[in-house]
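This briefing is intended for a reader new to the structure. It covers a pair of helices and then the nonpolar cores.

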Amino acid sequence: MEKVTGSDGVEVRVNLPKEKIGKINEICDAFNNDPGELINVLHEIQHTFGYIPAEVQDVVAHNLHLPVAQVYGVVTFYTFFSMIPKGEHPVSVCTGTACYVRGAERVLEEFRKELGVEVGETTSDGKFSINCLRCVGACGLAPVVLVGEKVYGRVSPDGVKAIIAEYKK
């Protein structure tokens, strides 16, 4: 448990290692601890740590002089942010209208079956996690799957094993 003291002199205790607190402080400082930069700060933290657990939200709220509930509200409102660790290769299946009509649900089911996890979960080896997206703006390629930032179009349930195999190497 570490103590964090804000520019207002208020001290709080957080259950994070010093190095992690230092990195969070560095990110907040890069945005001048401006409460109006909350989403940008959270994006950078998500990029750095892969997810934004409650303890990290506490430090962000403290640095930006915001209520923790406000930070939590932003993290839980936007689907880009995650409070749980994602896999090394996050799989995102688009379930927007065009993708859904063209079989995204069957593709999603095949990923769940092949990886042995449900939506929102990560495989026990930490390699893969599965999530759904609403629309990635590639409706002409429906159904669409993203693995990390790589886009796969016109994915069928039969193509799922090949996609997974690319990342098991």
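In this predicted model, helix α1 meets helix α3 through Lys-20, Ile-24, Asn-25 and Cys-28 on the α1 side. On the α3 side, the residues in contact are Val-56, Val-59, Val-60, Asn-63 and Leu-64. By class, the residues of this contact comprise 6 nonpolar, 2 polar and 1 charged.

**Geometry of the helix pair**

- Helix α1 spans residues 18-30 and helix α3 spans residues 54-64; their axes come within 10 Å.
- The two axes cross at roughly 40 degrees, and α1 and α3 are therefore oblique to each other.
- The crossing of α1 and α3 is right-handed.

**The largest nonpolar core**

- The largest nonpolar core has 24 residues, of which Phe-111 and Val-145 touch the most other members.
- At least two residues of this core come from each of β3 (89-94), α6 (104-115), β4 (128-133), β5 (145-147) and α7 (160-167).
- Helix α6 provides the largest share of this core, with 5 residues.

**Surroundings of Val-145**

- Leaving aside residues up to four places away in sequence, Val-145 touches Val-91, Ser-92, Val-93, Val-107 and Phe-111, among others.
- The contacts of Val-145 also include Lys-150, Val-151, Tyr-152 and Val-155.

**A separate core**

Technical notes. Residues are numbered from 1 along each chain as its sequence is written. This is a predicted model: local features need pLDDT of at least 70, side-chain atom pairs count only at pLDDT 80 or more; totals for chains, interfaces and linings use all residues. Side-chain values use heavy atoms; hydrogens and water are left out. A nonpolar core is a set of buried Ala, Val, Leu, Ile, Met, Phe, Trp, Tyr and Cys residues joined through side-chain atoms within 4.5 Å. Buried means under 20% relative accessible area, exposed over 50%, partly exposed in between (1.4 Å probe, protein chains only). Helices (H or I, at least four residues) and strands (E, at least two) are DSSP runs, numbered from the N terminus. Contact means heavy atoms within 4.5 Å. Axes are lines fitted to C-alpha atoms, for helices over the stretch in contact, and angles run from 0 to 180 degrees between N-to-C directions. Angles under 35 degrees count as roughly parallel, over 145 as roughly antiparallel, 65 to 115 as roughly perpendicular and the rest as oblique. A crossing is left-handed if the near helix is turned anticlockwise from the far one by less than a right angle, and right-handed if clockwise. Ala, Val, Leu, Ile, Met, Phe, Trp, Tyr, Cys and Pro count as nonpolar, Asp, Glu, Lys and Arg as charged, and the others, Gly among them, as polar.
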